[in-house]
Amino acid sequence: MLRLHDRRTGRPEGLPGGRVLRLHVLDGAGLRTLVVADLLRRVASRAGRHVLATGAAGGDWTAYNVQPLEPGGGADADVRVSGDGSVVDGFCVSAPAETGDWRSVGGLDPLAVRLALLDAPYGEPLELSAARARAAGARLDGWRDAVAGWARGAGRPLDRAYAAKAEAALAADLDAPSALAVLDELSGADIAPGAKLETVVHLDLLLGLDLVSAIGRA
């Protein structure tokens, strides 16, 4: 069961029930808040909810694998996502905007930025420095190269233990850093390359890092 830290109560709470989950991003959201809201949408969808994500975020964030928000929707939202720590009526989670000089890095893959934003507890302040962004880019490239190598092997079913470990982390207040650590563990695991590939494909639908993008290159 997906649980999130609710700013009203100060503790993790289960999401409101129902087939549809109405998720609303409050005005003024920056990139980190949008990435966290997108992760929540993906995780809730995997759990069988139909997620309607609304808000008024300006700009095009699709390069970061953030789907556009539908307009309106704030009044009847089941969950609201804030970027400035606001406490509003109803279930509200907070993902403070990132700081730092990461935008000074030329040629940075937007999904390396997404990775760096996910690799920190979403409710804590995050200084995304240029060095941290470059490190995320190197980590992402390493995973993609590994996945491309695994794709040359025989197909195998996904490894359910690794998949379940990452999914359990995401269900526990969107613990993306722990879910990402599972990818590092998987890289060194003594299981068939085909199983590693299928597990990564399964988890990347949640993480949104395009980990298969290097398959077929070279």
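I began with helices α3 and α5, whose crossing is left-handed. For a crossing, left-handed means that the near helix is turned anticlockwise from the far one by less than a right angle, and right-handed that it is turned clockwise. Helices here are DSSP runs of H or I with at least four residues, strands are runs of E with at least two, and both are numbered from the N terminus.

Before going on, I noted the ground rules. The model is predicted, so I kept to local features with pLDDT of at least 70 and to side-chain atom pairs at pLDDT 80 or more, while totals for chains, interfaces and linings use all residues. Residues are numbered from 1 along each chain as its sequence is written, and side-chain values use heavy atoms, with hydrogens and water left out.

**Entry: α3 against α5**

I looked up the geometry next. Helix α5 spans residues 176-187, and its axis lies 11 Å from that of α3, at an angle of about 45°. Therefore α3 is oblique to α5. I noted how axes are drawn: they are lines fitted to C-alpha atoms, for helices over the stretch in contact, with angles from 0 to 180 degrees between N-to-C directions. The angle classes are roughly parallel under 35 degrees, roughly antiparallel over 145, roughly perpendicular from 65 to 115, and oblique for the rest.

Which residues of α3 and α5 meet? From α3 I listed Arg139, Trp143 and Trp150. From α5 I listed Leu180, Ala181, Leu183, Asp184 and Ser187. Contact means heavy atoms within 4.5 Å. By class, the contact of α3 with α5 has five nonpolar residues, one polar and two charged. Nonpolar covers Ala, Val, Leu, Ile, Met, Phe, Trp, Tyr, Cys and Pro; charged covers Asp, Glu, Lys and Arg; the others, Gly among them, are polar.

**Entry: Arg139 and its partner**

Arg139 came up again in the salt bridges. Its side chain meets that of Asp119 at 3.0 Å, N to O. A salt bridge is a side-chain nitrogen of Lys or Arg within 4 Å of a carboxyl oxygen of Asp or Glu. This pair links distant parts of the chain, 20 residues apart. Arg139 sits in α3 (residues 130-150), and Asp119 in the loop between α2 (110-118) and α3. Arg139 is partly exposed at 22% relative accessibility. Asp119 is partly exposed too, at 29%. The accessibility cut-offs are under 20% relative accessible area for buried and over 50% for exposed, with partly exposed in between (1.4 Å probe, protein chains only).

I then counted the salt bridges and got 11.

Asp38 pairs with Arg41 at 2.9 Å, N to O. Both lie in helix α1 (residues 31-46); because they are three residues apart, about one helical turn separates them. Asp38 also bridges to Arg42, with the closest N and O atoms 2.7 Å apart. That pair is four residues apart in α1, again about one turn.

Is Asp38 buried or exposed? Asp38 is buried, at 3% relative accessibility. Arg41 is buried at 15%. Arg42 is buried as well.

**Entry: α1 against α6**

I followed α1 to its crossing with helix α6 (residues 193-207). Their axes come within 7 Å and cross at roughly 130°. So α1 is oblique to α6. On the α1 side I listed Leu39, Arg42, Val43 and Arg46. On the α6 side I listed His202, Asp204, Leu205 and Leu206. This contact of α1 with α6 has four nonpolar, one polar and three charged residues.

Thr33 is in helix α1. Thr33 is buried, at 1% relative accessibility. Beyond its neighbours within four places in sequence, Thr33 contacts Val25, Val81, Ser82, Gly83 and Ala95.

Leu118 is in helix α2. Leu118 is buried, at 3%.

Ala57 is in the loop between β4 (50-55) and β5 (79-82). Ala57 is partly exposed, at 31%. Not counting residues up to four places away, Ala57 touches Leu34 and Leu69. The C-alpha atoms of Ala57 and Leu34 are separated by 8.1 Å.
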